[in-house]
Amino acid sequence: MRDYWRGSVEAWECDEMGHMNVRFWVRRALDGMMLMATELGCERAFAPEATASLLPVRQHIRFLKEAREGVPLFFRGGVVSLGEADIVLYGEIVHTLDGAIGATFLTKMAHVEAKTGKAYPWPARTKALALALQVEVPKHGSPRSIPFDGPTDRFEAATLVSRGFQQVGLSAVRIEDVDVFNRLYPEGMIGRVSTGVPNLMTAWREETTAELSAQDGQPRKAGAAVLEYRLDYLAWPGAGDFVAVHSGVANVSEKTNTLKHVLAHPVTGEVFCVCEAVAVTFDLVARKVIAIPPQARAKLEARLIKPSE
């Protein structure tokens with residue numbers, strides 16, 4: 001694998017958990033993929049004058065080691081497979097000092113007309129160049145709990161509340177949020193999920209950690225960490241649009257909970273992105289995962305979203 005990005009974690013990229021927020025992991029990975037596209041013959045594919053560009057269609061992410069303020073990182077990757085008008089890329093963000101893998105990214109990108117988003121077949125030279133960048137997905141980068149090739153969940157915004165989803169986020173898309181083609185940057189999708197989820201889970205997490213501390217006298221502070229994500233990008237809002245985030249609990253186990261998120265326009269109901277995430281409750285004092293007590297699990301299970309009919 002070749003290197004395509006190198007830098008470090010800025011203080012303002014860290015969230016309330018004390019580590020780099022998911023939106024910046026995605027941003028750095030996509031920075032790297034943009035350079036990778038240049039090596040595939042797509043020079044200036046993200047510039048205003050581009051006739052063809054690349055759009056994420058699906059992305060699977062595994063988070064393996066958190067990155068805190070000032071930590072140096074780099075991104076490396078390559079090509080997994082090439083279709084007629086799409087490509088699957090693999091990449092990983094690595095901790096520079098010890099070589100530990102911070103996060104892995106398996107991303108399907110569509111090759112499209114830059115302004116319309118319509119599929120645009122690859123030129124012959126890209127097919128030849130892709131062979132030189134071919135990689136195999138390593139075991140640590142393979143999906144674990146959420147399959148990459150499974151079908152995309154389909155939701156109608158009008159039925160989300162009746163199925164048990166809660167609106168946890170609502171925001172405008174500003175000019176600084178979009179790219180040169182007036183499409184919301186991909187990190188803007190996962191970033192809105194990250195910002196909204198506390199409205200769904202914080203009270204439960206704080207109650208759970210308080211109960212555990214009362215039992216054993218150990219100080220705890222409730223937090224969370226995501227282990228695995230899959231995002232399916234269905235449409236791209238632009239400046240002046242609005243995004244509502246609807247979230248719900250899909251599954252609960254001893255240590256993890258699976259959440260589903262739907263990002264849609266609050267007025268038209270157009271669905272922009274559907275997302276599934278496997279998360280853990282995280283003790284910010286010990287920096288360890290907390291096992292979910294049976295009583296707390298029961299409270300989450302009572303809130304499970306209904307499956308689609």
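**Close-up views of pockets and cores**

**View 1. Lining of the largest pocket.** The largest pocket is lined by 42 residues, and those nearest its centre are His19, Ala224, Ala225, Val226 and Leu227. Seen here in a predicted model, this pocket has a volume of about 830 Å³. Two or more lining residues come from each of α1 (22–39), β2 (52–63), α3 (187–196), α4 (198–216), β7 (222–233), β9 (256–264) and β10 (271–283). The element that gives the most to the lining is β7, with eight residues. Sorted by class, the lining of the largest pocket holds 24 nonpolar, eight polar and ten charged residues.

**View 2. Lining of the second largest pocket.** The second largest pocket contains about 720 Å³ of space. Its lining is made up of 36 residues, with Asp177, Tyr185, Pro186, Glu187 and Gly188 nearest the centre. The elements that supply two or more residues to this lining are α1, β2, β6 (166–172), α3 and β8 (242–252). The largest share, seven residues, is from α1. By class, 20 residues of the lining of the second largest pocket are nonpolar, seven are polar and nine are charged.

**View 3. Helix α3.** Nine of the ten residues of α3 are buried, so this helix is largely enclosed by the rest of the structure. The buried residues are Glu187, Gly188, Met189, Ile190, Gly191, Arg192, Val193, Ser194 and Gly196. Two of them, Glu187 and Gly188, are among the residues nearest the centre of the second largest pocket. Helix α3 also gives two or more residues to the lining of the largest pocket.

**View 4. The largest nonpolar core.** This core has 64 residues, and Phe75, Phe105 and Tyr229 have the most contacts inside it. Helix α1 gives the most to the core, with nine residues.

**View 5. Surroundings of Tyr229.** Leaving aside residues up to four places away in sequence, Tyr229 touches Val22, Gln59, His60, Ile61, Phe63, Ile146, Ile190, Val193, Cys275, Glu276 and Ala277. Tyr229 is one of the residues with the most contacts inside the largest nonpolar core.

Note on methods: Residues are numbered from 1 along each chain as its sequence is written. This is a predicted model: local features need pLDDT of at least 70, side-chain atom pairs count only at pLDDT 80 or more; totals for chains, interfaces and linings use all residues. Side-chain values use heavy atoms; hydrogens and water are left out. On a 1 Å grid over the protein atoms alone, a cavity is a set of points where a 1.4 Å probe fits but cannot get out, and a pocket is an open set with protein on both sides within 12 Å along at least five of seven lines; lining residues have an atom within 4 Å of a point. Grid points are joined across faces, edges and corners, and a volume is the space filled by probe spheres set on the points. Helices (H or I, at least four residues) and strands (E, at least two) are DSSP runs, numbered from the N terminus. Ala, Val, Leu, Ile, Met, Phe, Trp, Tyr, Cys and Pro count as nonpolar, Asp, Glu, Lys and Arg as charged, and the others, Gly among them, as polar. A nonpolar core is a set of buried Ala, Val, Leu, Ile, Met, Phe, Trp, Tyr and Cys residues joined through side-chain atoms within 4.5 Å. Buried means under 20% relative accessible area, exposed over 50%, partly exposed in between (1.4 Å probe, protein chains only). Contact means heavy atoms within 4.5 Å.
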